[in-house]
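Colleague: I'd like to go through this one with you and ask how you back up the words you use. Could you bring it up?

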There are 2 protein chains.
Amino acid sequence: MTDSRASRHDNRTEAIMRAALDLALEVGYAKLSIEAVATRAGVGKHTVYRRWSSRGLLFLDAVLSLNTGGLSHPNTGDVVADLRETMNKAVNLLAQPPWGPLYRALIGEAQHDPEVAAALNRRFIEPQTADTLARLKAAKDQGEIAPDFDLGLAFDILSGPLYYRLLITQQPITDDYIDRVLQAVFAGMSPRPQTR
Amino acid sequence: MTDSRASRHDNRTEAIMRAALDLALEVGYAKLSIEAVATRAGVGKHTVYRRWSSRGLLFLDAVLSLNTGGLSHPNTGDVVADLRETMNKAVNLLAQPPWGPLYRALIGEAQHDPEVAAALNRRFIEPQTADTLARLKAAKDQGEIAPDFDLGLAFDILSGPLYYRLLITQQPITDDYIDRVLQAVFAGMSPRPQTR
């Protein structure tokens with residue numbers, strides 16, 4: 001492609017993703033159709049289908065295009081403070097439109113479409129997990145995490161309660177909730193031996 | 001209604017729910033239509049709509065009709081063993097058709113339909129949470145759980161990782177995974193003081 005054709009291609013891709021997000025917020029993802037997206041974006045249906053083989057994969061690209069990638073963990077030497085900061089940031093995104101309802105709709109679609117589920121994991125969940133794991137490994141090396149704690153589970157245990165609230169009980173995920181999760185997960189349920 | 005009319009009503013309700021489940025397993029929930037359910041059940045569309053105002057609420061009733069209610073916690077005096085038993089039972093249901101894919105599809109629908117989300121919580125999640133909480137309170141009274149552990153979070157922390165795996169990474173939830181979650185959640189991430 002020449003530069004101007006490539007740029008027109010990018011502009012159309014952008015316009016289609018923007019239309020998908022706008023319509024999902026306006027009418028709900030359940031009622032989103034490729035036809036309506038094409039009309040809103042001012043392109044033909046085939047232009048959409050040439051780029052995406054399904055509504056779910058278009059929606060995935062559109063939602064992930066909103067992620068500014070700013071969810072990597074700092075390392076200040078205090079692992080609880082660093083996890084809290086990243087979890088607060090993630091939740092402040094999730095707590096409000098547009099990201100919250102769109103992300104829930106995307107996970108909803110992943111329950112029906114295995115391609116969406118696989119791509120969501122590969123492109124969003126796995127990099128996030130790897131970043132958290134690296135931060136936790138550093139904390140273990142510094143003695144902030146018990147030497148025998150199963151780090152392979154840490155991401156599931158830290159983010160599981162947040163997803164549970166987002167997807168199941170649908171109660172608000174507040175900064176206070178995150179503090180309580182961190183406190184509970186670090187302390188553990190078992191009684192601790194008296195230290196004096 | 002006379003007895004025979006009431007019984008015909010029940011039979012039709014059963015047949016419609018059965019048809020919804022069968023079709024969801026055959027074609028996927030995303031492609032399920034009220035028309036197809038009515039045809040499969042041998043009733044008119046209006047007969048379905050007289051009982052359920054939406055496809056989601058019909059599907060919710062149908063999926064919950066499969067739940068045999070056998071997920072309450074025993075109390076043998078060993079809280080970890082009792083939690084393990086109940087979690088293993090739940091996961092053995094979830095790990096295979098029909099319950100697993102149907103439950104995922106139901107949670108998927110709850111992301112798009114607030115009525116489904118509210119009813120799922122009221123009829124399934126809340127009773128389960130209350131049962132787990134009662135078992136954990138007894139354990140706390142017996143000194144098996146730290147006196148200051150935040151029990152209000154316990155269900156989120158124990159079941160969050162399972163839902164995370166079911167809905168997000170979609171990796172298998174094995175008995176070994178449950179053992180690891182219980183071990184990690186009871187021990188906590190913080191290093192423990194040396195006991196000798």
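**Where the chains meet**

Modeller: Helix α8 (residues 154–169) of chain A and helix α7 (residues 114–141) of chain B have axes that come within 12 Å and cross at roughly 145 degrees. Keep in mind that this is a predicted model.

Colleague: Why do you quote an angle and a distance?

Modeller: Because two packed helices are described by the angle between their axes and the distance between the axes.

Colleague: Which residues in α8(A) and α7(B) meet?

Modeller: From α8(A) there are Tyr164(A), Ile168(A) and Thr169(A), and they meet Asn121(B), Ile125(B) and Thr129(B) of α7(B). Sorted by class, that contact has three nonpolar, three polar and no charged residues.

Colleague: What is Arg165(A) in contact with?

Modeller: Leaving aside neighbours within four places in sequence, Arg165(A) is in contact with Gln170(A), Gln171(A), Pro172(A), Ile173(A) and Tyr177(A), plus Asp156(B) from the other chain.

Colleague: Gln170(A) is on that list. Where does Gln170(A) lie, and what is its phi?

Modeller: Gln170(A) lies in the loop between α8 and α9 (175–187) of chain A. Its phi is near 55 degrees, a positive value in a residue other than glycine.

Colleague: What about Gln170(B)?

Modeller: Phi of Gln170(B) is near 55 degrees, again a positive value in a residue other than glycine. Gln170(B) lies in the loop between α8 (154–169) and α9 (175–187) of chain B, and at 27% relative accessibility it counts as partly exposed.

Colleague: Let's turn to a whole helix. What makes α4 of chain A largely enclosed?

Modeller: Eight of the ten residues of helix α4 (residues 55–64) of chain A are buried, so the rest of the structure largely encloses it. Those buried residues are Gly56(A), Leu57(A), Leu58(A), Phe59(A), Leu60(A), Ala62(A), Val63(A) and Leu64(A).

Colleague: What covers the buried residues of α4(A)?

Modeller: The cover includes α1 (3–27), α2 (34–41), α3 (45–51), α6 (99–110) and α7 (114–141) of chain A.

Colleague: Over in chain B, why do you call Thr132(B) buried?

Modeller: Thr132(B), found in helix α7 of chain B, has 3% relative accessibility. The cut-off is under 20%, so Thr132(B) counts as buried. Not counting residues up to four places away in sequence, Thr132(B) touches His73(B), Leu83(B) and Phe155(B).

Colleague: What makes Leu93(B) partly exposed?

Modeller: Leu93(B) has a relative accessible area of 34%, which sits between the 20% and 50% limits, so partly exposed is the label. Leu93(B) is in helix α5 (residues 79–94) of chain B and touches Trp99(B) and Gly100(B), not counting residues up to four places away in sequence. The C-alpha atoms of Leu93(B) and Tyr103(B), ten residues apart along the chain, are 10.0 Å from one another.

Colleague: And Gly44(B), where is its place?

Modeller: In the loop between α2 (34–41) and α3 (45–51) of chain B. Gly44(B) is partly exposed, with a relative accessible area of 37%. Its C-alpha atom is separated by 9.7 Å from that of Ile34(B), ten residues away along the chain.

Colleague: Last one, on the fold: how many helices and strands does chain A have?

Modeller: Nine helices and zero strands. Buried residues make up 48% of the 196 residues in chain A, and the C-alpha trace of chain A spans about 75 × 40 × 25 Å along its principal axes.

Definitions and conventions:
Residues numbered from 1 in each chain as written. Chains lettered and ligands numbered in written order. Predicted model: local features only at pLDDT ≥ 70, side-chain atom pairs only at ≥ 80, totals over all residues. Heavy atoms only, no water. Helix = DSSP H or I, 4+ residues; strand = E, 2+ residues; numbered from the N terminus. Buried < 20%, exposed > 50% of the residue type's maximum accessible area, 1.4 Å probe, protein only. Axes fitted to C-alpha atoms, helices over the stretch in contact; angles between N-to-C directions. Contact = heavy atoms within 4.5 Å. Nonpolar A, V, L, I, M, F, W, Y, C, P; charged D, E, K, R; others polar.
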